[in-house]
Amino acid sequence: MRQLYKHYIGGQWVEPTEFGTRDLINPATAKKSGEMILGNAADVDKAVAAAREAFESFAFSSREERLELLNAIIAEYKKRMADMAEVITLEMGAPKTLAERAHAPSGLGHLMTAARVLENYEFHEDRGPTRIAKEPIGVVGMITPWNWPINQITCKVAPAIATGCTMVLKPSEVAPYSAQLFTEIMDAAGVPKGVYNLVYGEGPSVGEAMSAHPGIDMMSVTGSTRMGAAVQAASAPTIKRVAQELGGKSANIILDDANLEEVVARETLSAMRNTGQTCTLLSRMLVPKDRMDEAAAIAHQAASSVVTGDPTKEETTMGPIAHGQQFEKVGVMMQEAIDEGARLVVGGPGRPEGCEEGFFVKPTVFADVTPDMMIAREEVFGPVLSIIGYDTEEDAIRIANDSIYGLSGAVYSADVERARKVAARMRTGMVYINGAAGDISAPFGGYKQSGNGREWGDHAFADFLEVKSILGYNA
């Protein structure tokens, strides 16, 4: 039984102001795996005070000092990679192979990318007598989610450290083990006291206190659009910067000249990765209407090959939903799709055979989905793929853009120039052409209600910097 009974504030593990706990549940068994303390506004006050004190000196640290610190964190992270994968499997049910090959390495990737960017990043520009300087924004409050826990922690912490900011992190109350381990890594790396602080807790208490706190200069949050709106509202009275990476309902346009069998099979399996709990999930697959049945048959075969079960086993390719509330929501949304008239191709409500315990759901595909259906408009955050038919290329683009979200998207075509033209018209922060691989150095973020600001690579630095004009500097 794991016990997360202390916050990390001012470079040391400290007792909470009040002792209240929350049970932590292993989603593969639905049984208790540990306990986490619940912080409050007083704990946030202490963490912010430590971060503000540290900022007075860390803001003026040199590039070389921050590079040395990032490299020390990287060295410690490498030592704990296997441990990181193990706790991610425990806390949110990621299959062992996915945790080892994607989740844990993503944290290392963001740290290494920030260090590489920092080596040559221009923190000032001279224009005649004027110097335009980029300076750290100050104390950053960070709220991170449960679906890609260490990925989202490191893609915020790494650029914050690189730019000279100090921080207070509230990790997900659903999946805090990776945050605990990451904090041990930070401590072992010798991060100066107060630069990095961790407060456990829930959104309505710790998250709200951070958002409203006058001592926090910026909030960087990843989560649902509803959560992002709440953080922005609580932050408004102090006019702090709010950077958000929120929900998505991304469209995958498969044009009529694409290899349907190859693309549908690949993208169906991709939709089941991480049990569909990915904000950039291409959950709307757009295919020519006259090939709907063909696409449905291919998707059925691909989804049927997914191995659902114990995430600690090598052969498992899809684990459980990360927590009980989300498990219930996914089942309800599946049933609503059926009630609205979507054709269930494979899967559907209820646990898969052999998975009587835990928060397991079936890999699910719906065909004949229309753009007005709930399943085509709302984020499910589960392994659910909706196949939507279109008449023309113009129709496909219109359907893809008909969403309150704009996080990601994709287009497939045998003609790459045609694909580029379609990609240019998709109103999303990211577009993948013909199954392109992800790029950890490319800006990550969305349009519309998918958020604002950008994470990853050099674009991540901008959110953590203020711009100052120093007139007469070079006179």
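Reader: Is Arg52 buried, partly exposed or exposed, and at what relative accessibility?
Author: The model is predicted. Buried means under 20% relative accessible area and exposed means over 50%, with partly exposed in between. Arg52 falls in the middle class, because its relative accessibility is 31%. Arg52 is therefore partly exposed, at 31%.

Reader: Which side chain meets Arg52 in a salt bridge?
Author: Arg52 lies in helix α1 (residues 41–58), and its partner lies in the loop between α7 (203–212) and β11 (218–222), so the pair ties together parts that are 165 residues apart in sequence. The N to O distance is 3.1 Å, and the partner is Asp217.

Reader: Glu173 forms a salt bridge with Lys170; what is the relative accessibility of Lys170?
Author: In this pair the closest N and O atoms are 3.0 Å apart. Glu173 counts as buried because its relative accessible area is 19%, and the cut-off for buried is under 20%. Lys170 also counts as buried, at a relative accessibility of 3%.

Reader: Which residue forms a salt bridge with Arg241?
Author: The closest N and O atoms of the pair are 3.3 Å apart. The pair links distant parts of the chain, with Arg241 in strand β12 (residues 241–245) and the partner in strand β23 (residues 465–470), 225 residues apart.

Reader: How are the rings of Phe182 and Tyr196 arranged?
Author: Planes over 60 degrees apart count as edge-to-face. The ring centres of Phe182 and Tyr196 are 5.9 Å apart and the planes stand at 80 degrees, so the pair is edge-to-face.

Reader: Which residues form one aromatic cluster?
Author: Phe182, in helix α6 (residues 177–188), and Tyr196, in strand β10 (residues 196–198), are 14 residues apart. Phe182 is buried, with a relative accessible area of 0%, and Tyr196 is buried at 1%. Both belong to the cluster, which is formed by Tyr8, Trp13, Phe182 and Tyr196.

Reader: Where does Asp372 lie, and which residues gather with Asp372 in a patch of negative charge?
Author: Asp372 lies in the loop between β16 (364–369) and α12 (374–377). Asp372 counts as exposed because its relative accessibility is 59%. On the surface, the residues that gather with Asp372 in this patch are Glu336, Asp339, Glu340 and Glu378.

Technical notes:
Residues are numbered from 1 along each chain as its sequence is written. This is a predicted model: local features need pLDDT of at least 70, side-chain atom pairs count only at pLDDT 80 or more; totals for chains, interfaces and linings use all residues. Side-chain values use heavy atoms; hydrogens and water are left out. Patches are made of residues with over 30% relative accessible area and no salt bridge: like charges are joined within 9 Å, nonpolar side chains (Val, Leu, Ile, Met, Phe, Trp, Tyr) within 5 Å. Accessible areas come from the Shrake-Rupley method with a 1.4 Å probe; for residues, only the protein chains shown count as cover. A salt bridge is a side-chain nitrogen of Lys or Arg within 4 Å of a carboxyl oxygen of Asp or Glu. Lys and Arg count as positive and Asp and Glu as negative; His and the chain ends are not counted. The place of a charge is taken as NZ of Lys, CZ of Arg, CG of Asp or CD of Glu. Helices (H or I, at least four residues) and strands (E, at least two) are DSSP runs, numbered from the N terminus. Buried means under 20% relative accessible area, exposed over 50%, partly exposed in between (1.4 Å probe, protein chains only). Rings of Phe, Tyr and Trp (its six-membered ring) pair if their centres lie within 6.5 Å; planes under 30 degrees apart count as stacked, over 60 as edge-to-face and the rest as tilted.
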